[in-house]
Amino acid sequence: MVVDAAATVGIDIPVYCYHQALGPLGACRICLVEIEKMPKLMTACTTAATDGMVVHTQSQAAEKGRRGILEFLLINHPLDCPICDKGGECFLQDYVFQYGAGQARFEEAKIQRHKEYPVSPYILVDQERCVLCQRCVRFMGEYVGEEELLMDGRGVHTVITNVPGIPLTSPFSGNVIDLCPVGALLSEPYHYRARPWNIEREDTYCSQCPVGCSSSVTGRDGQVVRLEGRPTPGQWGWLCDHGRFTYDFGAHPTRLTEARLDGEPVTVGRAAQVLGQRLAAVVREHGPDAVAVLTGGSHTVEDHYALRRFADEVLGGSRAGLVKPVEADLPLALLGTFAELDQSDTVLLLGTDPYESAPVVHLALRENVRRRGLVVKALGDRHLLRDTLAGEEWVVEPGGMAAALAAATAGVSEHPDARLAAEGLAPADESLVRLGQALMEPGALTVLWDGREQDLAPALVALARARGEHPTRVLPTFGPRNWLAAARVGIPTDYETSRRILMDAADGRIQVLLLWGADPVRDFPDGDLAARALERCPEVYFGGVFPPDGAELLAGVLPTAAWAEEAGTYVNMEGRLQTGRGAASAPGQARPTRNILQAVARAYGTPLRKLDEWDPYEGTVDDRLVLPPLEGSVRPVSPPPAAESGFRLISGLEVALTHDPSEVAARTKEDRPARMHPADLADLGLLTGSGPVELSSGDRSFRVGVRGDPRIPRGRVFVPRGLRGVPINRLGGIAVAVRAVEEVASR
Amino acid sequence: MTSEELGTGGAPEWNPEWASWAAAAREEFPRAQSALMPFLHRVQTDEGWLRPEALDAAAHYLELPRQYVESVVSFYSLFRTEVTGHRTIHVCMSLSCALAGSDALLHNLEEALGVRVGQTTPDGAYTLLEAECLAACDLAPACQVNLRYVGPVPPERFQTLLEEEVSTREDA
Ligand code: SF4
Ligand code: SF4
Ligand code: FES
Ligand code: FES
């Protein structure tokens, strides 16, 4: 299009309705240009640029056309820029200033409409300011595929609204605030909070899931007040609402802002000193093996580097590990990128529904399907495809994904590793052979995997080897957000290392356990082991932003600075380093991890040298981790667990539920996190389609709210992992009894 | 909302005939978007206006987004989304009729019925509406009663409109 061609040579043509992700529409006509040999002004956004075309963007005719359009747009505009949230960030202001007339000629009364009409708990429409570009309606309807906004009425009476009584619920709805070129779609939580000239707006990356969407954070008076999407080359700048509206987590009431020793508040300096002296005494007496460090993978790369050096140099070689909510380890050699996803011929969703676990990746998949017919396959223990993402899927028994993948590969490939992985498994049936064929198709394959089922690692390696020179890439959709930072600095990220550390702590072989942002009781797949470790280890110290489960067992707590409170580097699910800047200040006594660890190191007697001289990007290629080669042998995958009667537990990760505590995002937080097939709910007597149930297995049980979801196969209960108060990692086994319980009236 | 959640029988306030009307519209116009208007017209002829449930039903039976149905209904001014009386009186307010006194006619009707333009009498007998040029300027001031032309109606003869014989919806 002429508009894009002009942009490549640095000429800016004004647009409202046009957006490259949405395609041309030609609704607003602000982009009028004069094209030689064409009788009338043309819209630059719908006219394809051709060889030899001569376009005038600044001619008298073009400017007159634009001025006319702007005059029309302002006929019913309330001109209330002084109280508009977007005042100073608005393309109507900018273009009128640049091209418009100074004075309006329209003297009649303006049409009045809704000014603060809520279409969702987060979004207000000011219908008087709308220029009817339709970006918002098309984004929701066409791009996201969730038609939730509409144009109501006709002609001059047209307004943007929702169906009465049906608010927007899409997790992508917040993007319309960014997309709206004027002050018509507004963020309710940001409404009347700040003006562009008294804020700090800094480049950052979302902190809520490993996608790491590029964004801008707005700080005012030391507090984060907004998060917006930020387009970068190759990325549109979309955010999901879970990330967008969780920006206030640093100010949440449960945020740690003071240091504690044995439950008593102390200064951070004092706590660091005591910790340093205790560590020195323990290491002197029992050696460095009596201390271990577990990171939760939420702090920055720089923080992880400090942690690593602290374990190595100060403690003299203590073990370090990562607590993650899944049991499997990704062979890092297979780590893929979003650019590779955009080039892939086939995508396999392996146990994961990206809409839930990595929301903006769902949008990328959908765009690839729509734009170039990407083929989507899914293999899971529940239905992973949705109305907005079509494909072909295989639903297998709980715990049976690895066996299915290995059998499918071996059903089609003669590769020795494929055979080895499938050794002892039943041969692939017709349906699995079809899966194998789809996965062995030539071209590039990208697998999205949520890290469940340990045996999927060898099954994936076997698949990659069987595919030979055809690229096989894996994008891990599991958190924690910054777990690859641990990989960057050499902290082991495998399940076995952290399991050993917890075992040793539970067996009394570790005297001091240092948790850095780690919440093992909640997150570690073997929750009982983690709980035993915290109970039996004589001294457990915690550094982080939110208190972990079992906080009463801690010997000491050190509050650390969080995202957006200092500059820091993150590594997203493609292994890409992303440095975000700070726009707020850490509350109370919270301090950057590096400063705290340095204070502990001093008290220990071994200060860390040149901590700040390290460059996280050193040795990376294209800002990405350097991946190890794919080596090692493949082991046979174990057969799927025998089918049992009763309900079976399945799980997964959901950003909507496990994001940081946030008062803003709490507006739409689901309080029935578990899901079952509606027919199963009806059988349990929950005829309204939701309610509290008790899940039990052996002598363990807990209560959880459940809602109906036809995408959960019958006889299964889906419970998300890593949720406070929902200890799915302590039930053990996959057979559970489910019983509806009376709703206990609360408050 | 999926069809399963709604149940195919529909909520109690849904007219059971709507399903077959939608099917009939679908037969004539295989594209759901095209079948929408005939379906809505049929419901409006039957009930006089389009209740929100009718829009829900249109979306459900024709498998269209509810938002799309809403947009279409709001686009056409002859679709009514408010309760409508037994007789709907349209008074043309465009140029020829205005010159012939449609203003006064409308005023007289408002007085007689005790409602403002756009409203329905509490007993549900009459709805009073304005119209743009009805393309019957030779009958100015031109009116419609249940879409049937009446005119000319001089302002003082407003009563004739109220007594106009109408084919009631029941006979339709
Ligand atoms: S609300 Fe904004 S994005 Fe939507 S049509 Fe109006 S101006 Fe465009
Ligand atoms: S997809 Fe993840 S990184 Fe992106 S906005 Fe959502 S939570 Fe944040
Ligand atoms: S930007 Fe070209 S018509 Fe809207
Ligand atoms: S002006 Fe009334 S019918 Fe034409």
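Tutor: Happy to! The bridge partner of A:Leu348 in S19(A) is A:Val447. That contact belongs to the pairing of strand S16 (residues 346-350) of chain A with S19(A), which run parallel and are joined by five bridges; two strands pair if DSSP finds at least two bridges between them. Helices (H or I, at least four residues) and strands (E, at least two) are DSSP runs, numbered from the N terminus. This is a predicted model, in which local features need pLDDT of at least 70 and side-chain atom pairs count only at pLDDT 80 or more, while totals for chains, interfaces and linings use all residues. Residues are numbered from 1 along each chain as its sequence is written, and chains are lettered from A and ligands numbered from 1 in the order in which they are written.

S19(A) also pairs in the parallel sense with strand S20 (residues 472-476) of chain A, over five bridges. Here A:Trp449 has A:Pro476 in S20(A) as its bridge partner. Between S19(A) and S20(A) the chain passes through helix H15 (residues 456-466) of chain A, and this β-α-β crossover is right-handed: with the strands pointing away from the viewer, the path from the first strand over the helix to the second runs clockwise.

Now for the side chains. Because five of the five residues of S19 (residues 445-449) of chain A are buried, the strand is largely enclosed by the rest of the structure.

Key
A residue is buried if 20 or more other C-beta atoms lie within 10 Å of its own, exposed if 12 or fewer, and partly exposed in between; C-beta atoms are placed from the backbone.
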